[in-house]
Amino acid sequence: FDGDPLTIFEPDPLVREAAELLTSRSLVMDMGIGRFQNSLFLAEQGNTVHGIEKDFGLANDALKLRQFVGGWALNCHVEAGDITEVSLGSEAYNAVVATLVLQELTPEAQESVLETMRRITKPGGLNIIRAYVAEEREQIALPQLSLYEPGELERLYFNDGWLIEKAKSSDES
(Lines give C-alpha, C1' and ligand atoms only; values in the text may rest on other atoms or scores of the structure.)
Protein backbone atom coordinates (compact mmCIF):
# COMPACT_ATOMS: atom_id res chain seq x y z
CA PHE A 1 0.00 0.00 0.00
CA ASP A 2 1.22 3.44 -0.79
CA GLY A 3 4.33 1.92 -2.37
CA ASP A 4 4.64 -0.96 0.11
CA PRO A 5 4.47 -4.49 -1.33
CA LEU A 6 1.11 -6.23 -1.08
CA THR A 7 1.24 -9.36 1.05
CA ILE A 8 -1.66 -11.73 1.54
CA PHE A 9 -0.84 -14.18 4.31
CA GLU A 10 -1.97 -17.81 4.54
CA PRO A 11 -5.02 -18.44 6.73
CA ASP A 12 -4.65 -20.23 10.04
CA PRO A 13 -4.67 -24.02 9.36
CA LEU A 14 -7.45 -24.46 11.93
CA VAL A 15 -9.61 -21.92 10.06
CA ARG A 16 -8.87 -23.67 6.77
CA GLU A 17 -9.93 -27.01 8.30
CA ALA A 18 -13.06 -25.61 9.97
CA ALA A 19 -14.14 -23.85 6.75
CA GLU A 20 -14.95 -27.28 5.35
CA LEU A 21 -17.73 -27.53 7.96
CA LEU A 22 -19.39 -24.31 6.77
CA THR A 23 -21.90 -24.12 3.99
CA SER A 24 -21.29 -21.50 1.35
CA ARG A 25 -22.88 -18.16 2.19
CA SER A 26 -22.37 -18.57 5.91
CA LEU A 27 -22.15 -15.46 8.04
CA VAL A 28 -18.86 -15.35 9.95
CA MET A 29 -17.48 -13.02 12.66
CA ASP A 30 -13.68 -12.71 12.82
CA MET A 31 -12.71 -11.25 16.19
CA GLY A 32 -9.27 -9.68 15.89
CA ILE A 33 -8.60 -9.81 12.15
CA GLY A 34 -4.89 -9.05 12.42
CA ARG A 35 -3.41 -9.31 8.93
CA PHE A 36 -6.85 -10.16 7.47
CA GLN A 37 -5.82 -13.60 6.20
CA ASN A 38 -8.65 -15.58 7.84
CA SER A 39 -11.32 -13.10 6.75
CA LEU A 40 -10.12 -13.08 3.15
CA PHE A 41 -9.91 -16.87 3.03
CA LEU A 42 -13.42 -17.30 4.42
CA ALA A 43 -14.83 -14.71 1.99
CA GLU A 44 -13.10 -16.45 -0.90
CA GLN A 45 -14.99 -19.60 0.14
CA GLY A 46 -18.27 -17.74 -0.46
CA ASN A 47 -18.99 -16.53 3.07
CA THR A 48 -19.80 -13.04 4.31
CA VAL A 49 -17.31 -12.02 6.99
CA HIS A 50 -17.58 -9.27 9.59
CA GLY A 51 -14.22 -8.51 11.18
CA ILE A 52 -13.22 -6.46 14.20
CA GLU A 53 -9.69 -5.19 14.86
CA LYS A 54 -8.57 -2.89 17.66
CA ASP A 55 -5.36 -1.83 15.90
CA PHE A 56 -6.57 1.02 13.69
CA GLY A 57 -3.54 0.63 11.41
CA LEU A 58 -4.32 -3.04 10.77
CA ALA A 59 -8.03 -2.28 10.29
CA ASN A 60 -7.14 0.44 7.77
CA ASP A 61 -4.75 -1.93 5.95
CA ALA A 62 -7.54 -4.52 5.79
CA LEU A 63 -9.90 -1.99 4.21
CA LYS A 64 -7.26 -1.08 1.61
CA LEU A 65 -6.55 -4.75 0.88
CA ARG A 66 -10.27 -5.44 0.55
CA GLN A 67 -10.58 -2.68 -2.06
CA PHE A 68 -7.42 -3.77 -3.88
CA VAL A 69 -8.50 -7.41 -4.18
CA GLY A 70 -12.12 -6.49 -4.98
CA GLY A 71 -14.64 -9.13 -6.06
CA TRP A 72 -15.28 -11.71 -3.35
CA ALA A 73 -13.10 -9.71 -0.91
CA LEU A 74 -15.88 -7.13 -0.79
CA ASN A 75 -17.80 -9.71 1.27
CA CYS A 76 -15.46 -8.78 4.14
CA HIS A 77 -16.72 -5.98 6.33
CA VAL A 78 -14.13 -4.44 8.63
CA GLU A 79 -14.79 -2.53 11.84
CA ALA A 80 -12.14 -0.84 13.94
CA GLY A 81 -12.92 -1.61 17.55
CA ASP A 82 -12.07 -3.58 20.65
CA ILE A 83 -13.60 -7.08 20.82
CA THR A 84 -14.17 -6.56 24.54
CA GLU A 85 -16.35 -3.50 23.90
CA VAL A 86 -18.44 -4.33 20.83
CA SER A 87 -22.18 -4.66 21.19
CA LEU A 88 -23.50 -7.57 19.16
CA GLY A 89 -26.92 -9.20 18.95
CA SER A 90 -27.64 -12.86 19.60
CA GLU A 91 -27.34 -15.95 17.39
CA ALA A 92 -26.40 -14.08 14.25
CA TYR A 93 -23.34 -15.98 12.98
CA ASN A 94 -22.72 -19.46 11.62
CA ALA A 95 -19.14 -19.24 12.87
CA VAL A 96 -17.09 -16.97 15.12
CA VAL A 97 -13.30 -16.94 14.76
CA ALA A 98 -10.76 -15.88 17.38
CA THR A 99 -7.21 -16.89 16.51
CA LEU A 100 -4.41 -15.85 18.82
CA VAL A 101 -6.16 -12.84 20.32
CA LEU A 102 -7.39 -14.12 23.68
CA GLN A 103 -3.94 -14.24 25.30
CA GLU A 104 -3.74 -10.45 25.02
CA LEU A 105 -6.80 -10.03 27.27
CA THR A 106 -7.23 -10.21 31.02
CA PRO A 107 -8.90 -13.41 32.28
CA GLU A 108 -12.09 -11.42 32.93
CA ALA A 109 -12.07 -9.99 29.40
CA GLN A 110 -11.41 -13.47 27.98
CA GLU A 111 -14.46 -14.78 29.81
CA SER A 112 -16.57 -11.92 28.46
CA VAL A 113 -15.37 -12.42 24.87
CA LEU A 114 -15.98 -16.18 25.02
CA GLU A 115 -19.48 -15.57 26.39
CA THR A 116 -20.12 -13.12 23.53
CA MET A 117 -18.81 -15.63 21.00
CA ARG A 118 -21.17 -18.33 22.28
CA ARG A 119 -24.11 -15.89 22.44
CA ILE A 120 -23.75 -14.61 18.86
CA THR A 121 -23.33 -18.07 17.34
CA LYS A 122 -26.39 -19.69 15.76
CA PRO A 123 -27.42 -23.11 17.12
CA GLY A 124 -25.20 -25.71 15.48
CA GLY A 125 -22.63 -23.02 14.61
CA LEU A 126 -18.89 -23.02 15.19
CA ASN A 127 -16.52 -21.19 17.49
CA ILE A 128 -13.05 -21.48 15.96
CA ILE A 129 -10.48 -20.65 18.62
CA ARG A 130 -6.70 -20.86 18.58
CA ALA A 131 -5.34 -19.91 21.97
CA TYR A 132 -2.09 -20.47 23.79
CA VAL A 133 -2.13 -23.25 26.35
CA ALA A 134 0.58 -23.52 28.97
CA GLU A 135 1.46 -25.36 32.14
CA GLU A 136 1.68 -23.32 35.36
CA ARG A 137 5.48 -22.87 35.12
CA GLU A 138 5.13 -21.44 31.60
CA GLN A 139 2.37 -19.12 32.74
CA ILE A 140 4.62 -17.78 35.48
CA ALA A 141 7.39 -17.17 32.93
CA LEU A 142 4.99 -15.21 30.66
CA PRO A 143 3.02 -13.00 33.05
CA GLN A 144 2.19 -10.48 30.32
CA LEU A 145 -0.02 -13.08 28.61
CA SER A 146 -3.22 -14.70 29.85
CA LEU A 147 -2.70 -18.34 28.94
CA TYR A 148 -5.13 -21.23 29.32
CA GLU A 149 -4.35 -24.39 31.25
CA PRO A 150 -4.45 -27.65 29.25
CA GLY A 151 -8.09 -28.67 28.72
CA GLU A 152 -9.51 -25.44 30.19
CA LEU A 153 -11.26 -24.19 27.04
CA GLU A 154 -12.52 -27.66 26.21
CA ARG A 155 -14.06 -28.02 29.69
CA LEU A 156 -15.66 -24.59 29.47
CA TYR A 157 -17.37 -25.34 26.18
CA PHE A 158 -18.31 -28.90 27.16
CA ASN A 159 -19.80 -27.71 30.45
CA ASP A 160 -21.78 -25.09 28.52
CA GLY A 161 -23.34 -27.83 26.37
CA TRP A 162 -21.29 -27.44 23.19
CA LEU A 163 -20.25 -30.35 21.01
CA ILE A 164 -16.46 -30.24 20.64
CA GLU A 165 -15.34 -31.21 17.13
CA LYS A 166 -11.64 -30.83 17.83
CA ALA A 167 -9.60 -29.85 20.84
CA LYS A 168 -5.88 -30.11 21.27
CA SER A 169 -3.59 -28.91 24.04
CA SER A 170 0.09 -28.16 23.64
CA ASP A 171 0.99 -31.35 25.48
CA GLU A 172 -0.72 -33.50 22.82
CA SER A 173 0.95 -34.50 19.59
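Modeller: One cut-off before we start. A residue is called buried under 20% relative accessible area, exposed over 50%, and partly exposed in between. Keep in mind that this is a predicted model.

Colleague: In what order do the helices and strands run from the N terminus?
Modeller: The chain has 6 helices and 5 strands. Reading from the N terminus, their order is α-β-α-β-α-β-β-α-β-α-α.

Colleague: What radius of gyration does the chain have, and what would a compact globule have?
Modeller: The C-alpha trace spans about 45 × 35 × 35 Å along its principal axes. For 173 residues, a compact globule would come out near 16 Å. The chain agrees with that, at 16 Å.

Colleague: Take contacts between residues at least 6 apart in sequence. What percentage join residues at least 24 apart?
Modeller: A contact here means heavy atoms within 4.5 Å. Of the contacts you describe, the share joining residues at least 24 apart is 67%.

Colleague: How many salt bridges does the structure hold?
Modeller: The chain carries 14 positive and 29 negative side chains. The centres of the two sets lie 5 Å apart. Side chains of opposite charge can pair when their charged atoms come close. The number of salt bridges is 4.

Colleague: Which residue forms a salt bridge with R130?
Modeller: R130 sits in strand 5 (residues 121-130), and its partner is in the segment before helix 1 (13-19), 118 residues apart. The closest N and O atoms are 2.7 Å apart, and the partner is D12.

Colleague: Which helix holds both E115 and R119?
Modeller: Their side chains meet in a salt bridge, 3.9 Å from N to O. E115 is partly exposed at 37%, and R119 is partly exposed at 27%. The two are 4 residues apart, about one turn, and both lie in helix 4.

Colleague: Is R118 buried or exposed?
Modeller: R118 forms a salt bridge with D160, with the closest N and O atoms 2.7 Å apart. That pair links helix 4 to the segment after helix 6 (152-159), 42 residues apart. D160 counts as partly exposed at 45%. R118 has a relative accessible area of 17%, below the 20% cut-off, so R118 is buried.

Colleague: What is the phi of F36?
Modeller: Most residues other than glycine have a negative phi. F36 lies in the loop between strand 1 (27-31) and helix 2 (37-44), and F36 is buried at 2% relative accessible area. F36 is not a glycine, yet its phi is positive, about 80°.

Colleague: And what is the phi of L100?
Modeller: L100 is found in the loop between strand 4 (93-99) and helix 4. L100 counts as partly exposed, at 34% relative accessibility. L100 is not a glycine either, and its phi is positive, about 55°.

Colleague: How many residues of helix 2 are buried?
Modeller: The buried residues are N38, S39, L40, F41, L42 and A43. Their cover includes helix 1, strand 1, strand 2 (48-53), helix 3 (56-69), strand 3 (76-80) and strand 4. Helix 2 is largely enclosed by the rest of the structure, because its buried count is 6 of the 8.

Colleague: Which residue with a positive phi follows helix 2?
Modeller: The phi in question is near 100°. The residue is G46.

Colleague: Which residues does N75 contact, leaving aside neighbours within four places in sequence?
Modeller: N75 lies in the loop between helix 3 and strand 3. N75 is partly exposed, with a relative accessible area of 32%. Its contacts beyond those neighbours are A43, N47, T48 and V49.

Colleague: How far apart in space are N75 and E152?
Modeller: In sequence, N75 and E152 are 77 residues apart. In space, C-alpha to C-alpha, the separation is 34 Å.

Note on methods
Residues are numbered from 1 along each chain as its sequence is written. This is a predicted model: local features need pLDDT of at least 70, side-chain atom pairs count only at pLDDT 80 or more; totals for chains, interfaces and linings use all residues. Side-chain values use heavy atoms; hydrogens and water are left out. The radius of gyration is taken over C-alpha atoms; the globule rule is 2.2 Å times the number of residues to the power 0.38. Lys and Arg count as positive and Asp and Glu as negative; His and the chain ends are not counted. The place of a charge is taken as NZ of Lys, CZ of Arg, CG of Asp or CD of Glu. Buried means under 20% relative accessible area, exposed over 50%, partly exposed in between (1.4 Å probe, protein chains only).
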